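Please take a look at the structure below, and then follow a few questions and answers about it.

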Amino acid sequence: MHLTATFAEPISSSATPFLTVQLNFGNGRNQIPELIEVQVISGTDDGTDLPSDVLEILAISKSERTAEQSASLWRYCAQHASELARDRIELVNLQDRLDVLTKPFSTMVMDVAAKPRETFILQRGDYSRPTDKVQPGTLAVLPPFPADASPDRLGLARWLTTKDHPLTSRVAVNRLWKMLFGAGIVNSMADFGSQGEWPSHPELLDWLAVDFVESGWDTKAVIKKIVLSKTYRQSSVTPPELLERDPNNRLLARGPRFRLPAELIRDSALKISGLLVPRVGGPSVNPYMPGDLWREVSHYGSSPATSQTFVQDHGEKLYRRSLYTYWKRTAPPPNMMAFDAPNREVCTVARGNTTTPLQALVTLNDTQFVEASRAFAQRILLRSEKSDEDRLSWAFQESNARTPSPQEGQILLKALSRERSRYATHRDLAKAYVGVGESSVDATLVVVELAAWSQVAATLLNLSETVTRN
């Protein structure tokens, strides 16, 4: 069966970049086992996709073209030539960055109603059965609300940050402690009440909280104090007797050891590879994502606020820190979900921290990590060191902040030799491997050598020591 459908009105590709086609057959009871192929044809098929004005200029001899005609050809070439695609992407990204820095843009703000809504206690939670009218207030067990504060969000913020408030500063430094040690001084992060866990070091929590307030709520100062402390700088190597006595390290007798959060694992790989864009600020970006997962979860005819189709960014936007990754709650980035990043559909006070084979599947096969391995290998090969041993030593220090042991060095040398032999036999595999990702490949490097070192770089990026805070 052949069906040709013609739209009643023309459709502009700029106004409608994506088109959803829905085919309905009968009342749904008839089953069609054959595959359906949909082809979209636009314009006039004359054997070329060049516009008519360009064809007219090309028909003129090069020596007879005017300066304006030659300039028109170069303008069209600059806009469409595949060889200049990377430059066009970089130009668009630079223009976006300039717009963010110089042009006004809308942002979400809060508006307060002139007349606050009245609130009542509801009988059995039924909105149609209000009882006593209530006013804003705070718990009697906590400090009183400031007398000069208005009963609104601003007043609540002032009350939370008063010097004698017992919770705000303690909760804040406890979260910072959890971020750096893997577990808070109060292990029940979301509960500082009677049902929560008692602090393992209450005096330490009190001192940090007071120091935090007196420093003017300086977060960087608190983090600096903790990371420069003798407690934090301890080795995570654990003697058997200590592990048996204190398996969860609540006594802080050893350094913390836990897997890095999802965002830091991705950012770490990009930083080691040299691809990371460290610039602060700017709009969210869409890095690599497998398939078109957004279409699988989006409703037909969704609004721009709930985009139906994922459109990947290009250029430097692929390598911005994970902080700037656009997050669709119904389809979050799979490479971060594998590392326990929450889906953000509900508030998450503390993340889980698991270790699963799926995580290795991501770091060994995801486009972002494979490309990072290749870029790291390129950094290794372009250094002044020429011997394999010196290159491996530098790469190990770059990824793990230490030199490899003799045994580790021998294992990596054997792996490098094995990969060289494999790719020398299968050059097509080498070319395919180094072609993953959109970052440029240095043309002076031998493909087989780059692919072999990329596998070694992937090994270094996948070491437990690389993705673990030791």
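A residue counts as buried under 20% relative accessible area, as exposed over 50%, and as partly exposed in between. The model discussed here is a predicted one.

Q: Is Thr20 buried, exposed or partly exposed?
A: Thr20 lies in the segment before H1. Its relative accessibility is 30%, and since buried means under 20% and exposed means over 50%, the class that remains for Thr20 is partly exposed.

Q: Does Phe7 count as buried or exposed?
A: Phe7 is placed in the segment before helix H1, which spans 52–58, and together with Ile11 and Leu19 it forms a nonpolar patch on the surface, with about 300 Å² of accessible area together. The relative accessibility of Phe7 is 55%, and because the class of exposed residues begins over 50%, Phe7 counts as exposed.

Q: Is Leu260 buried or exposed?
A: Leu260 sits in the loop between strand S3 (258–259) and helix H9 (262–273). Leaving aside neighbours within four places in sequence, Leu260 is in contact with Ile265, Thr466, Val467, Thr468 and Arg469. Its relative accessible area is 16%, and because the limit for this class is under 20%, Leu260 is buried.

Q: Are H5 and H6 roughly parallel or roughly perpendicular to each other?
A: The axes of helix H5 (residues 168–181) and helix H6 (residues 202–214) come within 8 Å and cross at roughly 110 degrees. The contact includes Trp177 of H5 and Phe212 of H6. Because angles of 65 to 115 degrees fall in one class, H5 and H6 are described as roughly perpendicular.

Conventions
Residues are numbered from 1 along each chain as its sequence is written. This is a predicted model: local features need pLDDT of at least 70, side-chain atom pairs count only at pLDDT 80 or more; totals for chains, interfaces and linings use all residues. Side-chain values use heavy atoms; hydrogens and water are left out. Patches are made of residues with over 30% relative accessible area and no salt bridge: like charges are joined within 9 Å, nonpolar side chains (Val, Leu, Ile, Met, Phe, Trp, Tyr) within 5 Å. Accessible areas come from the Shrake-Rupley method with a 1.4 Å probe; for residues, only the protein chains shown count as cover. A salt bridge is a side-chain nitrogen of Lys or Arg within 4 Å of a carboxyl oxygen of Asp or Glu. Helices (H or I, at least four residues) and strands (E, at least two) are DSSP runs, numbered from the N terminus. Buried means under 20% relative accessible area, exposed over 50%, partly exposed in between (1.4 Å probe, protein chains only). Axes are lines fitted to C-alpha atoms, for helices over the stretch in contact, and angles run from 0 to 180 degrees between N-to-C directions. Angles under 35 degrees count as roughly parallel, over 145 as roughly antiparallel, 65 to 115 as roughly perpendicular and the rest as oblique. Contact means heavy atoms within 4.5 Å.
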